[in-house]
Amino acid sequence: MHKNRIYLCLAHMSEAGLEQKYIQKAFDTNWVVPLGPNVNGFEKDLESYVSENKRVVALSSGTAAVHLALIACDVHPGDEVIVQSFTFCASSHPITYLGATPVFVDSEKDSWNMDPDLLELAIQDRIAKTGRLPKAIIPVALYGMPYDIERIMAIAGKYGIPIIEDAAEGFGSRWKGQVLGTFGKFGVLSFNGNKMITTSGGGALVCPDETEWQRIMWLATQARESYPYYQHEAIGYNYRMSNICAGIGRGQMTIVDDHIAHHKHIMELYRELLKGVSGIEVHGNPDERYESNFWLNTITIAPEVRIKGQENAYKAIVKGAVGGAAGVVHTSESAHTDCEPNANVEALRVILDQAGIEARPLWKPMHKQPIYKNAPAYVNGVSESLFKVGMCLPSGPYVTDEDVQYIVKCIKGAIEG
Ligand SMILES: *Cc1c(COP(=O)(O)O)cnc(C)c1O
């Protein structure tokens with residue numbers, strides 16, 4: 001047994017403890033509120049990191065950023081929004097908050113992200129079926145990997161549909177050298193505890209100009225009118241980041257490039273050590289235009305790879321939710337659903353778990369989620385088949401070279417033969 005459990009991705013503070021210094025300053029100067037010098041400073045740091053031409057609003061979560069971007073794209077009840085199916089639920093749930101309908105689009109084989117051909121087909125079919133254009137398109141940088149933003153922008157431009165980039169997992173990833181989140185009309189970032197950098201919980205919206213920035217800032221602070229009393233002429237939200245959280249963010253911005261370099265290094269190490277293991281592949285950049293931050297390193301396990309004990313996979317109902325350390329989860333009625341990872345993937349997850357290693361299946365595509373069973377979906381089978389064979393491996397700054405060696409040793413040891 002390994003000494004300490006190796007988690008998928010944990011928050012990691014700067015050596016100099018700058019996060020705590022910024023927080024202390026907030027206390028010392030009595031800025032313990034959802035605005036203040038740390039929030040402004042963090043927004044400036046983010047702006048200088050992503051692009052000189054963008055403005056950024058720091059928010060309480062990445063989910064809030066998606067929600068506000070949709071409002072700014074004029075999404076109303078009855079509207080449709082196109083979104084990548086292969087994603088975490090926070091890309092699509094805010095569409096339903098607004099009474100609109102997500103239209104799911106499947107992925108390309110190489111990037112695992114939105115398939116541009118299928119995107120165009122979906123747009124044309126929605127126009128044919130509803131007589132209206134979707135209000136926005138949301139591609140997602142799954143596990144940090146860029147989407148083919150050039151083709152997606154060309155198609156979106158042809159129909160005049162705005163793009164909201166969900167770069168929550170892709171902070172610092174680049175397409176042809178340019179940071180994700182800066183191509184579309186809006187860019188979503190997340191600083192949840194397990195993302196590339198953290199503010200404990202938090203997010204940000206990258207805005208195209210001063211006008212949109214003002215509107216997002218206004219919506220994020222309860223949409224107040226300029227009177228000496230509270231006057232409300234639109235519905236607003238309490239979505240601004242707290243000055244305490246932003247203090248953590250300012251410290252984290254000093255080490256974001258180190259984090260990304262470490263994630264990339266871990267990817268290279270997995271790739272090297274798993275080379276020659278038949279049936280197991282490490283997901284990498286499709287070509288030199290893509291530069292993933294490798295937020296989570298992922299592998300695929302071919303169906304013919306036999307893992308010890310795979311005949312016992314899914315025999316027991318899992319207690320607690322995967323990734324759901326906080327909060328209440330419903331206990332499942334059955335160990336199976338109609339779409340689940342292959343038995344060898346589950347068996348490997350269990351073996352790694354017992355060896356003190358947290359591994360996790362890939363995100364289950366939204367078009368296979370019961371809650372979205374009635375949503376239109378344009379599928380090619382890619383995300384569903386990846387979900388059945390894929391697995392996320394520990395990747396954060398806490399993961400050492402020795403850890404990766406140990407993890408790979410456990411994977412090799414789990415294979416029968
Ligand atoms: C984490 C995540 C979000 C939302 O971020 P939170 O800060 O957790 O609300 C949105 N989209 C994707 C793809 C994510 O992984």
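**Notes on the predicted model: helix faces, ligand shell and loops**

1. Let me start with helix α1 (residues 18-28), whose buried residues are Glu19, Ile23 and Ala26. Looking down the axis of α1, these buried residues fall within an arc of 55°, so they line one face of the helix. Here buried means under 20% relative accessible area, exposed means over 50%, and partly exposed is in between, with a 1.4 Å probe and protein chains only. The arc is taken from the directions that run from the helix axis to the C-beta atoms. Helices (H or I, at least four residues) and strands (E, at least two) are DSSP runs, numbered from the N terminus.

2. Before going on, a word on the basis of these notes: this is a predicted model, in which local features need pLDDT of at least 70 and side-chain atom pairs count only at pLDDT 80 or more, while totals for chains, interfaces and linings use all residues. Residues are numbered from 1 along each chain as its sequence is written, and side-chain values use heavy atoms, with hydrogens and water left out.

3. Back to α1. The face turned away from the buried side carries the exposed residues Lys21, Lys25 and Asp28. On the buried side, the cover includes α2 (37-50) and α8 (243-253), where contact means heavy atoms within 4.5 Å. After α1 comes asparagine 30, with a positive phi near 60°.

4. Helix α7 (210-220) deserves a look as well. Its buried residues are Glu212, Trp213, Ile216, Met217, Leu219 and Ala220. They span an arc of only 165° around the axis, which puts them on the same side of α7. Among the elements that cover them are α2, β1 (55-59), α3 (62-72), β8 (186-190) and β9 (203-207).

5. Both ends of α7 are worth checking on screen. At its start, a side-chain oxygen of aspartate 209 comes within 3.2 Å of the backbone nitrogen of threonine 211. This is a polar contact: a pair of N or O atoms within 3.5 Å where, within protein, one must be able to donate a hydrogen and the other to accept it, and residues adjacent in sequence count only if both atoms are side-chain atoms. Following α7 is glutamine 222, with a positive phi near 70°. Glutamine 222 sits in the loop between α7 and α8 and is partly exposed, at a relative accessible area of 30%.

6. Which residues are closest to the ligand? Thr63, Asp166, Glu169, Ser190 and Lys195 are, out of 15 residues that surround the ligand; a residue counts as near if one of its heavy atoms lies within 4 Å. The shell divides into 4 nonpolar, 8 polar and 3 charged residues. In this scheme Ala, Val, Leu, Ile, Met, Phe, Trp, Tyr, Cys and Pro are nonpolar, Asp, Glu, Lys and Arg are charged, and the others, Gly among them, are polar.

7. The protein covers 94% of the 380 Å² of accessible area that the ligand has on its own; accessible areas come from the Shrake-Rupley method with a 1.4 Å probe, and for residues only the protein chains shown count as cover.

8. The loop between β4 (137-138) and α6 (149-159) holds tyrosine 143. Tyrosine 143 is not a glycine, yet its phi is positive, about 55°, and the residue is buried at a relative accessible area of 2%. Alanine 141 lies in the loop between β4 and α6 too, buried at 0%. Beyond its neighbours within four places in sequence, alanine 141 is in contact with Asn113, Tyr147, Asp166, Ala167, Glu169, Gly170 and Leu180.

9. Finally, the loop between β13 (360-361) and β14 (377-378). Histidine 367 lies there and is buried, with a relative accessible area of 16%. Its side chain makes a polar contact of 2.7 Å with the side chain of serine 85.
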